[in-house]
Amino acid sequence: MSAQNVGSRAAHSALRLHMVTWNVGTAEPPADVRSLLQLDSQPATDLFVIGLQEVNATPVRYISDLISEDSWSHLLMDTLAPMGYIKVTSVRMQGLLLILFAKQVHLPFIRDIQSTYTRTGLFGYWGNKGGVSVRFSFYGHMLCFLNCHLAAHMNYALQRMDEFEYILDTQDFDMYNTPQVLDHKVVFWFGDLNFRIADHGMHFLRSSINNGRFNLLWDRDQLTMMKKKEPILQEFEEGPLCFKPTYKFDRFSETYDTRTQRTWFGFIGKKRKPAWTDRILWRIKPKAIETEDENMSTTSSTDDDEYPIKVTQDMYTCDVSYGVSDHKPVIATFNLEMRKKVETPLVTLTVKGHWSADEDATFTYTILENFESSTWDWIGLYKIGFKSASDYSAFTWVKDDEVAANGEVVTVQMSKNELPLLAGDYVLGYYSTNMQTLLAFSPTFQILESQQAVMERLVPENINGHEK
């Protein structure tokens with residue numbers, strides 16, 4: 001499904017985006033999420049963006065997750081790292097979690113990462129409802145991902161709209177050209193938006209679903225209805241709802257809610273009607289309107305013409321095989337066709353000589369373009385298959401007395417005591433403290449087994465082709 005085509009004057013790059021939204025209902029993750037991430041699909045994914053709601057956020061659990069990664073993040077990193085995907089960033093607000101992964105080759109071109117959050121539930125104090133967002137520049141194009149969990153229940157459609165508009169109004173970024181969510185060239189809005197299917201009775205709903213006649217329910221879907229009268233929603237696009245409503249299921253089954261609901265006072269409550277509560281939408285920033293006043297004119301129209309971006313949705317579905325929650329996860333895959341504004345890394349890293357823990361190692365780095373560098377920047381040694389910027393084997397600070405000048409070749413030594421004893425494939429990565437990302441990588445190189453490893457019998461000694 002094509003979202004928008006803003007012209008094409010130059011060769012484009014096609015990049016694959018895989019998105020997931022899932023209300024996990026405070027459950028622990030399943031043993032395997034490979035099918036959720038569709039890791040065997042071709043062409044391979046370039047970016048993964050996963051938005052979760054209702055991650056276990058009891059006070060004790062939440063504090064422990066602040067100290068170390070939560071169980072969902074651990075599983076996702078353990079699954080994606082061996083495939084060459086690195087966790088770029090994440091943002092957490094109690095039960096809301098948004099995580100971005102990318103292939104290593106793209107990290108130097110994911111810049112100006114910022115995240116924020118807005119609380120709306122329980123008067124904004126605890127944050128059980130609201131929105132978390134991550135924005136960044138991707139090859140020079142400004143993207144923003146907003147994961148929301150809005151007010152529940154059938155009768156609160158207007159409150160859901162109020163919450164969405166409140167989140168848009170209050171989320172600010174420290175970026176002169178994209179201070180708010182809707183200033184970005186492409187916005188993805190997703191999450192447990194909690195819109196329900198109005199008017200239809202339970203029998204008609206379940207009959208339509210069982211017969212695969214989802215189209216009979218579309219015109220009473222509250223989000224679809226709201227789009228007809230809310231201008232801000234009309235700027236967002238969504239693929240057809242050609243999959244089962246994703247709420248509410250009995251856990252570990254593909255059967256809609258059968259349990260008897262009891263209210264606080266012991267009365268028998270109604271079963272929840274099925275609904276498409278979990279959604280993924282997107283918006284491409286409209287072209288600027290030309291005005292007669294030159295002072296009011298902008299460059300966005302020219303920018304759109306010279307650096308167009310086209311968003312095409314290839315898949316929009318749910319995966320009913322996962323049963324840990326009463327929601328089913330929703331998956332959307334997109335093709336991002338763009339002309340890259342930025343194709344040169346800000347820094348280059350060069351490894352010198354052979355590396356082993358038997359002697360100090362040497363490398364150089366050179367800053368190619370101006371950026372907000374700092375003496376707090378550092379260079380990490382990463383074993384291939386690493387999970388995130390903090391998953392380094394060793395690190396060293398950049399030039400510590402002053403920021404390096406453009407074009408200056410800076411030589412750095414890494415102590416042999418910091419190097420791994422065993423052989424393996426590694427890269428060096430330059431981490432920018434101000435930009436909160438890895439800006440550059442060296443080519444992959446091998447660290448050799450050290451003599452110390454052989455002496456300590458960490459590896460078998462090889463003599464004349466025979467292991468000793």
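Helices and strands here are DSSP runs, numbered from the N terminus. Pro43, for one, is placed by the loop that joins two such elements, α1 (34–37) and β3 (47–53). The model is predicted.

**View 1. A cis peptide bond joins Gln42 and Pro43.** The omega angle of this bond is about -5°. Pro43 sits in a loop. That loop runs between α1 (34–37) and β3 (47–53).

**View 2. A cis peptide bond leads from Tyr247 to Lys248.** Here omega is near 5°. Lys248 belongs to the loop between α8 (231–234) and β10 (261–262).

**View 3. Asn194 has a positive phi.** The angle is about 70°, although Asn194 is not a glycine. The residue lies in the loop between β9 (186–192) and α5 (202–210). Is Asn194 buried or exposed? Asn194 is buried, because its relative accessible area is 3% and the cut-off for buried is under 20%.

**View 4. Gln436 has a positive phi in a loop between strands.** Its phi is about 55°, and Gln436 is not a glycine. Gln436 has a relative accessibility of 46%, so it counts as partly exposed.

**View 5. Helix α3 is mostly covered.** The helix spans residues 71–80. How many of its 10 residues are buried? The count is 7. They are Trp72, Ser73, Leu75, Leu76, Met77, Thr79 and Leu80. An α-helix has 3.6 residues a turn, so residues three or four places apart point the same way. What do the buried residues of α3 pack against? Their partners are β2 (13–23), α1, β3, β4 (85–93) and β5 (96–103).

**View 6. Asp70 caps the N-terminal end of α3.**

**View 7. Four residues form a nonpolar patch on the surface.** Which residues make up this patch? They are Trp376, Tyr392, Phe395 and Trp397. Together they have about 440 Å² of accessible area. Trp376 lies in the loop between β16 (361–367) and β17 (378–383). Why does Trp376 count as exposed? Its relative accessible area is 57%, and exposed means over 50%.

Note on methods. Residues numbered from 1 in each chain as written. Predicted model: local features only at pLDDT ≥ 70, side-chain atom pairs only at ≥ 80, totals over all residues. Heavy atoms only, no water. Patch = residues over 30% accessible without salt bridge, like charges linked within 9 Å, V, L, I, M, F, W, Y side chains within 5 Å. Areas by Shrake-Rupley, 256 points an atom, 1.4 Å probe, with all protein chains shown as cover. Salt bridge = Lys/Arg side-chain N within 4 Å of Asp/Glu carboxyl O. Helix = DSSP H or I, 4+ residues; strand = E, 2+ residues; numbered from the N terminus. Buried < 20%, exposed > 50% of the residue type's maximum accessible area, 1.4 Å probe, protein only. Contact = heavy atoms within 4.5 Å. Polar contact = N/O pair within 3.5 Å; in protein donor to acceptor, adjacent residues only side chain to side chain.
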